[in-house]
Amino acid sequence: MNKMGVLPKYRGILVHDFWKSYFKYKCEHALCNVHIQRELENIYKKYKQEWAKEMSDLLYEIKEQADCARKLGTKIGEDTIKTFIEKYHLILMKGFEDNPPPEISKDDEAKRGIQAQSKARNLLERLEKYEKEILRFATDLRVPLATTRQKEISG
């Protein structure tokens, strides 16, 4: 990535997946919601975790507001953004309740390394840690919410 010299000098908004190597670059970051939507859909379909459908629906609700604001040449209002963030946090709380951290047994304490977690728990932790980058499409309308979603996640 450094050999071509593009990313080290880039100062715009870099939209990417969660690959940690990208975060070393000193530009603004936005995370690709296509990846997130796929994971949410998988968690909902495989494990029937309602929070995943709620988060997917929320991201699309925000997208609709962003698309509308973009067409009107305005921004999403601060109160609306605040409401969306509150909903985001409530959904995360539900998700964390459904996916507590793994219990560590006496045998596990002696082992080195990171304790394995469920895919849902890993996604929740990323959604929490990278909230600003995930929701950048709502706060900076230069960033689109890329999507492959053709229909609603069926419930």
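On the face of α5 that is turned away from its buried side lie the exposed residues Lys119 and Lys129, where exposed denotes over 50% relative accessible area, buried under 20%, and partly exposed the range in between (1.4 Å probe, protein chains only). The structure is a predicted model, in which local features need pLDDT of at least 70 and side-chain atom pairs count only at pLDDT 80 or more, whereas totals for chains, interfaces and linings use all residues. Residues are numbered from 1 along each chain as its sequence is written, and side-chain values use heavy atoms, with hydrogens and water left out.

The protein chain contains 7 helices and 2 strands, assigned as DSSP runs (helices H or I, at least four residues; strands E, at least two) and numbered from the N terminus. Their order from the N terminus is β-β-α-α-α-α-α-α-α. Of the 155 residues in the protein chain, 39% are classed as buried.

In α5, the buried residues are Ala120, Arg121, Leu123, Leu124 and Leu127. Viewed down the axis of α5, these buried residues fall within an arc of 160 degrees, so they line one face of the helix; the arc is that of the directions from the helix axis to the C-beta atoms. The buried residues of α5 pack against α1, α2 (50–72), α3 (78–98) and α6 (131–134), contact being defined as heavy atoms within 4.5 Å.

Helix α1 (residues 33–47) packs with helix α5 (residues 119–129) at an angle of about 145 degrees, and their axes are 10 Å apart. Axes here are lines fitted to C-alpha atoms, for helices over the stretch in contact, and angles run from 0 to 180 degrees between N-to-C directions. In this pairing, Ile36, Glu39, Leu40 and Ile43 of α1 meet Lys119, Ala120, Leu123, Arg126 and Leu127 of α5. The residues of the contact of α1 with α5 comprise 6 nonpolar, no polar and 3 charged, with Ala, Val, Leu, Ile, Met, Phe, Trp, Tyr, Cys and Pro counted as nonpolar, Asp, Glu, Lys and Arg as charged, and the others, Gly among them, as polar.

Neighbours within four places in sequence left aside, Leu127 contacts Ile36, Trp51, Met55, Tyr88, Leu92 and Ile134.
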